[in-house]
Amino acid sequence: MLSKKIEDILNKQIEKEGYSSNLYLAMASWAENEGFKGIADWLYAQSEEERMHMLKFIAYVNERDGKAKIPAFEKPSFKLKNAKDLFEAVLKHEHYITASINEIMALTMQEKDFSSYNWIQWFVNEQIEEEANVKTILDKLRLVGENNLYMFDRDIMSLRTPASNPPVA
Ligand code: FEO
């Protein structure tokens, strides 16, 4: 049984993961319109991963006798000039999500909810990996430069690590 505080913070995270999925979907569409097919594919795949994260939070809340709430999502908004802007915006968003996962972890300790503490560990590790992946992409972008994106766009999907699954509750 989840405490009210844990149920509430997990429900907030459902909203954040769903927003992340829509944000990357909107960015994928932007990239597609800019002619970046590879970057668009990377973002569509990332959007799917975020949706999977959202579904895992929903399943966990319901399995622990809480009530998962499906919220309305804010319309994603961003201003991008180029691929570097895009991945800097992705990294900034992932920093925000990492901070949010850390807050959940801190609350599980405070509430002595050790099941949730164990469960959220997967997301702590996932955030390390997601941030590292985007940093690698930004490093590569710096190397090739904005005027030489053909091969970068062609090869970006090879920089993806396969999605892993969080533990079931
Ligand atoms: Fe679900 Fe990219 O954090």
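Reply: A search of the whole structure finds 1 cavity of 30 Å³ or more. The model is a predicted one, in which local features need pLDDT of at least 70 and side-chain atom pairs count only at pLDDT 80 or more, while totals for chains, interfaces and linings use all residues. Residues are numbered from 1 along each chain as its sequence is written, and side-chain values use heavy atoms, with hydrogens and water left out.

A cavity here is a set of points, on a 1 Å grid over the protein atoms alone, where a 1.4 Å probe fits but cannot get out; its lining residues have an atom within 4 Å of a point. Grid points are joined across faces, edges and corners, and a volume is the space filled by probe spheres set on the points. The volume of the largest cavity is about 130 Å³. Its lining has 16 residues, and Gln46, Glu49, Glu130, Asn133 and Arg160 lie nearest the centre. By class, this lining has 6 nonpolar, 4 polar and 6 charged residues. Ala, Val, Leu, Ile, Met, Phe, Trp, Tyr, Cys and Pro count as nonpolar, Asp, Glu, Lys and Arg as charged, and the others, Gly among them, as polar.

Now the helices. α2, α3 and α4 (114-144) each supply at least two residues of the lining of the largest cavity, and the largest share, 5 residues, comes from α4. Helices are DSSP runs (H or I, at least four residues), numbered from the N terminus.

Helix α2 (residues 37-63) and helix α3 (residues 83-110) pack at about 15 degrees, their axes 13 Å apart. That makes α2 roughly parallel to α3. Axes are lines fitted to C-alpha atoms, for helices over the stretch in contact, and angles run from 0 to 180 degrees between N-to-C directions. Angles under 35 degrees count as roughly parallel and those over 145 as roughly antiparallel. In the contact (heavy atoms within 4.5 Å), residues of α2 including Trp42 and Phe57 meet residues of α3 including Leu86 and Ile101. This contact of α2 with α3 has 10 nonpolar, no polar and 2 charged residues.

α3 and α4 pack at an angle of about 165 degrees, with axes 9 Å apart. That makes α3 roughly antiparallel to α4. The residues of their contact divide into 17 nonpolar, 6 polar and 6 charged.

Helix α1 (residues 4-33) also packs on α2: their axes come within 8 Å and cross at roughly 165 degrees. That makes α1 roughly antiparallel to α2. The contact of α1 with α2 has 16 nonpolar, 8 polar and 5 charged residues.

Definitions and conventions. Angles under 35 degrees count as roughly parallel, over 145 as roughly antiparallel, 65 to 115 as roughly perpendicular and the rest as oblique. On a 1 Å grid over the protein atoms alone, a cavity is a set of points where a 1.4 Å probe fits but cannot get out, and a pocket is an open set with protein on both sides within 12 Å along at least five of seven lines; lining residues have an atom within 4 Å of a point.
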